[in-house]
Amino acid sequence: MSNSTPTTDNEKKSKGDKLPGSPSRVLHIRHIPSGVSGAEVVSLGFPFGKVTNLLMLRGKGQAFLEMASVDAAVSVVNYYTPAPPLLHNQPVYIQYSNYKELRTNNQRHQARSQAALQGVNAVQHGNLGITSPLAAEGGVLPSHGSVLRIVVENVFYPVTLDILYQIFSKFGFVLKIVMFHKNNQFQVLLQFADATNAYHAKMSLDGHSIYNGCCTLRIDFSKLTNLTVKYNNDKSRDFTRIDLPFGDGQRTIETSLSTPFGPSVLPVPGALGPLTVTTSAAPGHMNVPGVPGNSVLLVSNLNPEAITPYGLFILFGVYGDVHRVKIMFKKRGIALVQMADASQAQLAITYLNGQRLYGRVMHATLSKYPTIQLPREGQEDKGLTKDYSNSPLHRFKNPCSKNFQNIFPPSATLHLSNIPNSVTVDDLKNLFTSKGSTVKGFRFFQSDCKMALIQLGSVEEAVHALIDLHNHDFGENQHLKVSFSKSSI
């Protein structure tokens with residue numbers, strides 16, 4: 001059989017037999033958006049082995065990529081077939097080419113392809129000052145550092161520091177991770193041991209979701225060159241310093257967890273398979289592989305003069321359906337909150353641990369108790385234990401509810417809905433002011449006057465207002481719905 005090869009001259013035909021679908025070290029890439037450079041195409045292959053040649057067919061949105069070995073090409077196809085990679089936020093599709101070797105007759109194409117290959121190889125070997133070879137190619141590998149900035153969008157299921165470590169450590173040694181909320185977004189700064197690892201991770205993971213349909217990673221290079229980590233806890237960690245204190249965060253478990261993603265992780269370098277999220281028998285209850293099975297939270301450092309079971313029910317109910325709440329009889333600053341399932345419990349920890357509530361910084365972690373026991377008949381309780389398992393105020397009973405797509409961290413801006421037509425701007429401002437809030441801004445939605453945004457003086461004020469005014473009765477069976485917003489006024 002002849003090892004026929006494509007050429008850059010469209011009128012030239014290849015010779016020899018072709019075997020569709022047969023593994024080849026030449027890969028055919030389709031649906032490439034305009035503006036994608038050769039270096040970006042090459043970057044799809046080099047996590048799996050050496051890339052030896054490239055042919056870009058720009059007018060057709062296609063390319064041929066030649067790997068050094070058939071095994072490397074097989075790894076590329078096996079990895080990207082179930083989860084197509086994204087170039088410029090568009091999926092591209094990779095399959096085996098009919099050709100066994102890649103040769104180009106056009107000198108200009110050959111020069112540009114070699115520039116892309118040389119540039120990528122320079123980065124792969126740690127030489128990051130390679131701007132000149134890529135200039136003609138529209139270089140995509142400028143000098144950059146080893147710190148990535150990651151924005152996690154649509155965070156319905158918990159994304160913990162340990163989960164991020166296990167995803168990104170497949171690309172190299174992760175030195176430090178810092179998680180925080182900024183501009184109503186869940187963000188992460190992650191530092192690799194070297195910039196090559198950071199580049200591989202960005203090219204492979206950007207735009208992919210940790211779970212099906214949610215927790216989508218948007219990755220860019222940070223301007224920071226080094227991260228300073230003061231504490232090793234659930235929000236930050238320096239993997240080179242085991243001596244750091246825990247600070248105000250919760251003590252974390254070791255990162256050597258067994259695979260937290262279940263069987264759906266793809267067994268190739270840099271794999272990020274979307275996790276299979278299954279619905280349990282109970283409507284609205286979601287089971288996520290790798291999330292610990294306990295759904296009871298231990299909430300501490302509460303203000304005993306202000307906290308109530310109902311207040312905890314409303315606040316934690318923003319992140320899941322609360323079934324039971326128990327404030328400790330002898331220690332009123334400590335409570336147990338039982339969520340509908342383990343994933344909701346973890347989500348509540350992610351958003352509420354460290355939040356200020358009634359003048360104190362609240363701490364939330366998993367409890368050792370599997371369930372909250374209701375008081376026995378005649379047992380003194382003073383109304384500190386409440387069962388809300390059948391409450392009509394659960395936000396997530398309906399698995400098709402839009403509430404699943406609108407879960408945001410506590411913010412100073414609240415989203416109001418179910419507003420009666422008779423209620424005015426002044427009515428709503430006065431309502432919030434009567435609860436001690438400072439109203440900084442307000443606007444109705446133009447498309448729907450039953451919804452509005454209200455901006456208060458601080459996040460803590462907004463938390464208090466949500467507890468006090470969610471389900472506020474306007475009369476005639478019309479109740480206000482309040483949630484945190486990602487928007488600002």
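Colleague: What makes β10 and β11 count as paired strands?

Modeller: Strands pair if DSSP finds at least two bridges between them, and β10 (residues 209–211) is joined to β11 in the antiparallel sense over 2 bridges, so the pair meets the definition. Tyr211, for instance, stands opposite Cys214 in β11. A strand here is a DSSP run (E, at least two residues), a helix is a run of H or I with at least four, and both are numbered from the N terminus. This is a predicted model, with local features needing pLDDT of at least 70, side-chain atom pairs counting only at pLDDT 80 or more, and totals for chains, interfaces and linings using all residues. Residues are numbered from 1 along each chain as its sequence is written, and side-chain values use heavy atoms, with hydrogens and water left out.

Colleague: What lies between β10 and β11?

Modeller: A turn: the two strands form a hairpin with 2 residues between them, and Gly213 in that turn has a positive phi of about 80°.

Colleague: Which other strand pairs with β11?

Modeller: Strand β7 (residues 147–153) does, antiparallel and over 6 bridges, with β11 spanning residues 214–221. Within that pairing, Arg149 has Asp220 as its bridge partner.

Colleague: Why is β17 called largely enclosed?

Modeller: Buried means under 20% relative accessible area, exposed over 50%, and partly exposed in between (1.4 Å probe, protein chains only). In β17 (residues 335–339), 5 of the 5 residues are buried, so the strand is largely enclosed by the rest of the structure.

Colleague: How do you know that both faces of β17 are covered?

Modeller: Ala335, Val337 and Met339 lie on one side, Leu336 and Gln338 on the other, and all are buried. In a regular strand, side chains alternate between the two faces of the sheet. As for partners, β15 (residues 296–300) runs antiparallel to β17 with 4 bridges, and β16 (residues 322–327) pairs with β17 in the antiparallel sense over 5 bridges.

Colleague: Why are β2 and β6 described as standing at the edges?

Modeller: The open sheet has 4 strands in the order β2-β3-β1-β6, with antiparallel pairing. Both β2 (51–57) and β6 (93–96) have a single partner strand, so one side of each is left without a neighbour in the sheet.

Colleague: How many bridges join β2 to β3?

Modeller: There are 6, and β2 and β3 (residues 62–67) run antiparallel. Val51 has Met67 in β3 as its bridge partner.
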